[in-house]
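The exercises below concern strand pairing and the geometry of aromatic side chains. Work through each one with the sequence and the model at hand before reading its solution.

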Amino acid sequence: MKALDEFWEARSNQEKNLITIAFVVMLVAFVFAVAVEPAWLARSRLRAALPQLQQQIVHMQQQSQQAQRLTAQGQGTTLSGEPLRKALTDAARQRGLSTLAMRFEGGAIQSQGNGINFADWVAWLEDARRQYRVRVLEAHVIAQKDGLVDVRAALAVP
């Protein structure tokens, strides 16, 4: 620190003023380079990206509205008891699951079938879940051969 004081005292007033001005200019340039310029560039980039981001917001809002409409449409029909058994039986027949027998017992639909195509049975369950809001309470599936299974399942409406 003593060396700096000696250096400073050895300078004339004109040199002191020149060194002070140079220091202030360098300090302003440093602050500009570190803080102001990056913020200015980021602001410009964000301003350029804003219209695209606004379009994305509008698109997302449209998708949200469409999802709400589709959810409302997909609520399905709520049946219970014998009407549900009949509807599920008809749906199974349409899927080619004619050997799948169903009966209403103990507040649930009991379904049973031998030699059922597993993929068709799973697709039928998914359709029933969507359309009639049924859920599987219990299922026993025994694999046979070539994608065929023996199934026994209890289905209920929540």
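Two strands are taken to pair if DSSP finds at least two bridges between them. The model is a predicted one.

**Exercise 1.** Determine how many bridges join strand 3 to strand 4, and in which sense the two strands run.

*Solution.* Strand 3 covers residues 135–143, and strand 4 covers residues 148–156. Eight bridges join strand 3 to strand 4, and the two run antiparallel; the cut-off for pairing is at least two bridges. Strand 3 and strand 4 form a hairpin with four residues between them, and in the turn aspartate 146 has a positive phi of about 50°.

**Exercise 2.** Identify the bridge partner of glycine 113 in strand 4, and then that of valine 141.

*Solution.* Begin with strand 2 (residues 108–117), which pairs with strand 4 in the antiparallel sense over seven bridges. The partner of glycine 113 in strand 4 is valine 151. Turning to valine 141, its bridge partner in strand 4 is valine 151.

**Exercise 3.** Classify the ring pair of phenylalanine 118 and tryptophan 121, and state whether each residue is buried or partly exposed.

*Solution.* The count of aromatic pairs comes to one. This pair, phenylalanine 118 with tryptophan 121, has its centres 6.2 Å apart and an angle of 40° between the planes, and is therefore tilted. Both residues belong to helix 4 (residues 118–132), where, being three residues apart, they are separated by about one helical turn. Phenylalanine 118 counts as partly exposed because its relative accessibility is 37%, whereas tryptophan 121, at 5%, counts as buried.

Methods: Residues are numbered from 1 along each chain as its sequence is written. This is a predicted model: local features need pLDDT of at least 70, side-chain atom pairs count only at pLDDT 80 or more; totals for chains, interfaces and linings use all residues. Side-chain values use heavy atoms; hydrogens and water are left out. Rings of Phe, Tyr and Trp (its six-membered ring) pair if their centres lie within 6.5 Å; planes under 30 degrees apart count as stacked, over 60 as edge-to-face and the rest as tilted. Buried means under 20% relative accessible area, exposed over 50%, partly exposed in between (1.4 Å probe, protein chains only).
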